[in-house]
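Work through the exercises below with the sequence and the model at hand. Each task is followed by a solution in steps.

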Amino acid sequence: MEAHKNIDLPQGSIEKRTTTLNIGPTHPATHGVFQNIMEIDGERVVSSEQTVGFIHRAFEKLAEHRNLYQITPITDRLNYCSSPINNMGWHITCERFLKVEIPKRVDYLRVIIMELARISDHLICNSIVGVDTGAYTGFLYVMQYRELIYEIYEEVCGSRLTTNIGRIGGFERNFTNTAFTKLEKFLNEYPKVLKEFESLFTRNRIFMERTQGTGGITAARAMNYGFTGPNLRAAGVDYDVRVANPYSSYQDFDFTIPVGTTGDNYDRFLVRNAEMWQSLSIIKQAYEKVQSFKGAEAEIFHADVPEYYLPKKEDVYNNMEALIWHFKIIMGEVHLPKGQIYSAVEGGNGELGFYLVSDGGRTPFRLHFRRPCFIYYQAYPELITGGMLSDAVVTMSSLNLIAGELDA
Amino acid sequence: MALTNIFIQEKLVEKFGDQVSTFATDTDILSFETLAANNLKVIQFLYDELGFTFLTDLCGVNYPDQKDAEIVVVYHLHNFIENIRVRLSIAVPVEKPDVFTASKLFESANWMERETYDFFGVNFIGHSNLKRILNVDEMDYFPLRKEFPLEDQTRIDKDDEMFGRG
């Protein structure tokens, strides 16, 4: 009798030792539209190939036909877990390019919003890592604080997920008292929640065993793969755009950059958690600085850039100059200076860069988004090969891949 | 010694002579050009000698009016230790957009080069898997080239009834 033969194969065919498994494009384990074609031997991943581009929307082409202010809503749809950072990143790029001087109060208000966005981004990522290892509680529990963050966005700009927050030069309106009250509520209540969230996971034995030693990468490989953000810091490189190339007055704040050592899923989780504490501290400092402005200074919420900042509606109706600027901005009749710029901000999952080339026209000649997760997702096969299939799922969620950003 | 733009420029000129050109420091980043045949040599030199070990970004730009230099490939390199960035660009003709791949030096260049191929048709010589990445495989043109304009938003000859604008 022939040993170990499962099925009778037709003559001439080769018996395949591994199984091909398609995960995605839509699958509960992928948290987004990703396809992975994996070769698995039992439960071990032998190789994998990713297909991306399922929600490609040609943002770079669209941007070549839009005025600067019309590009902001496009950036919302990159990393939609932290769209305010993308919006601000775009505004800061434009302001650097146009050499606009931004008042300090605007910078600090922006820092508050950006750090809130970072918290909500890390919160989702970390709690999803929890969900994928079988702990749903944390995810449900922190959701109400993401809701509170969204309420603050709502109070500032009127929308929640795709925020389109702010304008070139500042904010569309000053922060309301309700916004500050909600911010205070967040600052008071969130530390306790984060503490509890951490105690649910950090020393949880099941969680540690699932995440430690899986999906690890060395610092050198991570740099070679173009990792940025928490994923790079988890591997031990202390690179953070907020410190390396400060924008929006980040040099005025006192904070540390948490780093890991092994670059595995557990370190990524710890780095994100530690960053949330740092973000909280930055928000507190920024809020104190905002409160320290008195009198007329406390009312400043935008810079003086009439060419790009929409005037107030009542001025448009009563003031000739405001009417002219309103018309010119809306119809996109403002010409950009010639030149090119690369400007980056620290996004939720890494260095979000904007490469803007202008030939002096009304729209960018070319706009390229440096999307962090597009670049580091190519390391995924290296991270999971040789590991278990169930670890591959955790690795994917702990990389903080956002399909909207990946596919641009 | 702290690495400065001037120092980088001197080193590059010393090594490559007039094959590196058009140095500019607009908006703080040192940008310069080199010949397409030289791109790997220059990147390797920056990597080995000047510590630019991080490829931040790689993308294409199409200038249809530049004769024989229609497609430009732009590299953004970063030296983490000195915290300084440079921008290197190379131009190739649209009829024969051949560029040597940087993916052997930087793993991160792999997908960025595929993306540049996908949108501009740049042929990266030596790339292990040069195929479309964001667009469908069946696509037979390179959409970010300027010869493909988006639809004029003011056109009125279209039947818009289906979209509630008719």
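**Exercise 1.** Find the residue that takes a positive phi in the hairpin of β4(A) and β5(A), and describe how the two strands pair.

*Solution.* Step 1: the hairpin has 4 residues between its strands, and A:Gly350 is the residue with a positive phi, near 150 degrees. Strands here are DSSP runs of E with at least two residues, helices are runs of H or I with at least four, and both are numbered from the N terminus. The model is predicted: local features need pLDDT of at least 70 and side-chain atom pairs count only at pLDDT 80 or more, while totals for chains, interfaces and linings use all residues. Residues are numbered from 1 along each chain as its sequence is written, and chains are lettered from A and ligands numbered from 1 in the order in which they are written.

Step 2: β4(A), residues 338-346, and β5(A) run antiparallel and are joined by 9 bridges. Two strands count as paired if DSSP finds at least two bridges between them. A:Gln340 has A:Val357 of β5(A) as its bridge partner.

**Exercise 2.** Follow chain A from β5(A) to β6(A) and state how the two strands are connected and paired.

*Solution.* Step 1: β5(A) covers residues 351-359 and pairs with β6(A) in the antiparallel sense, over 5 bridges. Within this pair, A:Leu356 lies opposite A:Leu367 of β6(A).

Step 2: the two strands form a hairpin with 6 residues between them. In its turn, A:Gly360 has a positive phi of about 90 degrees.

**Exercise 3.** Decide from burial how far β5(A) and β6(A) are enclosed.

*Solution.* Step 1: apply the burial count, in which a residue is buried if 20 or more other C-beta atoms, placed from the backbone, lie within 10 Å of its own, exposed if 12 or fewer do, and partly exposed in between.

Step 2: in β5(A), 8 of the 9 residues are buried, so this strand is largely enclosed by the rest of the structure. In β6(A), residues 366-370, the count is 5 of the 5, so β6(A) is likewise largely enclosed by the rest of the structure.

Step 3: sort β6(A) by direction. A:Leu367 and A:Phe369 point one way, A:Arg366, A:His368 and A:Arg370 the other, and all are buried.

**Exercise 4.** Give the strand order of the open sheet in chain A and name its edges.

*Solution.* Step 1: the open sheet has 3 strands in the order β1-β2-β3, with antiparallel pairing. Its edge strands are β1(A), residues 19-23, and β3(A), residues 44-51, each of which pairs on one side only. From one strand to the next the twist averages 20 degrees, with axes fitted as lines to C-alpha atoms and angles running from 0 to 180 degrees between N-to-C directions.

Step 2: β1(A) and β2(A), residues 35-41, are joined in the antiparallel sense by 5 bridges. A:Asn22 faces A:Ile37 of β2(A).

**Exercise 5.** Characterise chain A as a whole: which elements does it hold, and what is its radius of gyration?

*Solution.* Step 1: chain A holds 17 helices and 6 strands.

Step 2: for 408 residues a compact globule would have a radius of gyration near 22 Å, and the 23 Å of chain A agrees. The radius is taken over C-alpha atoms, and the globule rule is 2.2 Å times the number of residues to the power 0.38.

Step 3: of these 408 residues, 48% are buried. Along the principal axes, the C-alpha atoms fill a box of roughly 95 × 50 × 35 Å.

**Exercise 6.** Describe chain B and the side of it that touches chain A.

*Solution.* Step 1: chain B has 3 helices and 7 strands, in the order α-β-β-α-β-β-β-β-α-β from the N terminus. Buried residues make up 39% of its 166 residues.

Step 2: 26 residues of chain B are in contact with 27 residues of chain A, where contact requires C-beta atoms, placed from the backbone, within 7 Å. β3(B), residues 54-62, and α3(B), residues 109-120, each supply at least two residues of that side of chain B. The largest share, 6 residues, comes from β3(B).

Note on methods
Two residues are in contact if their C-beta atoms, placed from the backbone, lie within 7 Å.
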